[in-house]
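Dear colleague,

I am passing on the structure below, and my notes on helix packing and the ligand site follow it. Please read them alongside the coordinates.

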Amino acid sequence: MLERKQVPMLATSLAFSHQLLEEVIQKGDHVVDATMGNGHDTVFLAGLVGEAGKVYAFDIQNQALQTTQAKLLQKALIDRVTLISDGHENIKNYLGKNEVIQAAIFNLGYLPRSDKTIITKPSTTLQALRVLCSHLGKKGRILIVAYYGHDGGLEELHQVENFCQKLPQDEFQTLTYRFLNQKNQPPILFCIERKG
Ligand code: SAH
């Protein structure tokens, strides 16, 4: 009897966010990690943009910058990354006027195993999204991994969803990816894509 080939199960929101980034990022691109956290996404993005590319990585906690810097040094990827100790709502201060950003990722919520009161907030998240949408290249994508189990998380989730829903269809398409029957509020993914 023929053996069935191995197939993967549905990707988690986190894994799917990386698939969606990988499809559109090329060597030399400029991209943004809006919430560095433990540096996992920064390292992933730094690998995709290559030596000629650039990653802008933001966080407001020193711990995040230190952890991320150590990971980048260890993997010899620091040369293409700008670590920024500032809120992503100030992103426009770091980008050139006409600079094209091909992709960006947000991990909303608090930094695991750290201060649970330092969280992303709806107004600053939306401010960063507005700026990033205005710099997003053709077929560029913004991924938002929304953790919402903490206080204020649901409000942020709703505001992000509302923002995505209202983007003009002639310029952007947006989607959400979520598991419907899982315990412990796994994160919900949003993707904003600029039309080509
Ligand atoms: N909840 C996710 C991780 C989120 S980390 C998980 O469980 O894997 C979110 C990061 O965003 C934190 O490191 C936090 O310091 C950072 N952050 C909060 N507000 C920010 C802001 N305005 N600009 C940039 N980073 C911010």
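At roughly what angle do the axes of H2 and helix H3 cross, and within what distance do they come? The axes of H2 and H3 (residues 62–74) come within 9 Å and cross at roughly 35 degrees, where axes are lines fitted to C-alpha atoms, for helices over the stretch in contact, and angles run from 0 to 180 degrees between N-to-C directions. Helices are DSSP runs (H or I, at least four residues), numbered from the N terminus.

Before the rest, two cautions apply. This is a predicted model, in which local features need pLDDT of at least 70 and side-chain atom pairs count only at pLDDT 80 or more, while totals for chains, interfaces and linings use all residues. Residues are numbered from 1 along each chain as its sequence is written, and side-chain values use heavy atoms, with hydrogens and water left out.

To return to H2 and H3, H2 passes H3 in a right-handed crossing, that is, with the near helix turned clockwise from the far one by less than a right angle. In this contact (heavy atoms within 4.5 Å), His40, Thr42, Val43 and Ala46 of H2 meet Thr68, Lys71 and Leu72 of H3.

On its other contact listed here, H2 (residues 40–49) packs with helix H1 (residues 13–24), the axes coming within 10 Å and crossing at roughly 25 degrees. H1 and H2 are therefore roughly parallel to each other, a term that covers angles under 35 degrees. H1 also passes H2 in a right-handed crossing, and His18, Leu21 and Glu22 in H1 meet His40, Asp41, Phe44, Leu45 and Leu48 in H2.

Turning to the ligand, 18 residues surround it, the closest being Asp59, Gln61, His88, Glu89 and Tyr110, where a residue counts if one of its heavy atoms lies within 4 Å. A ligand nitrogen atom lies 2.9 Å from a backbone N or O atom of His88, and a nitrogen atom of the ligand is 3.0 Å from an N or O atom in the side chain of Glu89. For Tyr110, a polar backbone atom is 3.2 Å from a nitrogen atom of the ligand.

Key. A polar contact is a pair of N or O atoms within 3.5 Å; within protein, one must be able to donate a hydrogen and the other to accept it, and residues adjacent in sequence count only if both atoms are side-chain atoms. Helices (H or I, at least four residues) and strands (E, at least two) are DSSP runs, numbered from the N terminus. Angles under 35 degrees count as roughly parallel, over 145 as roughly antiparallel, 65 to 115 as roughly perpendicular and the rest as oblique.
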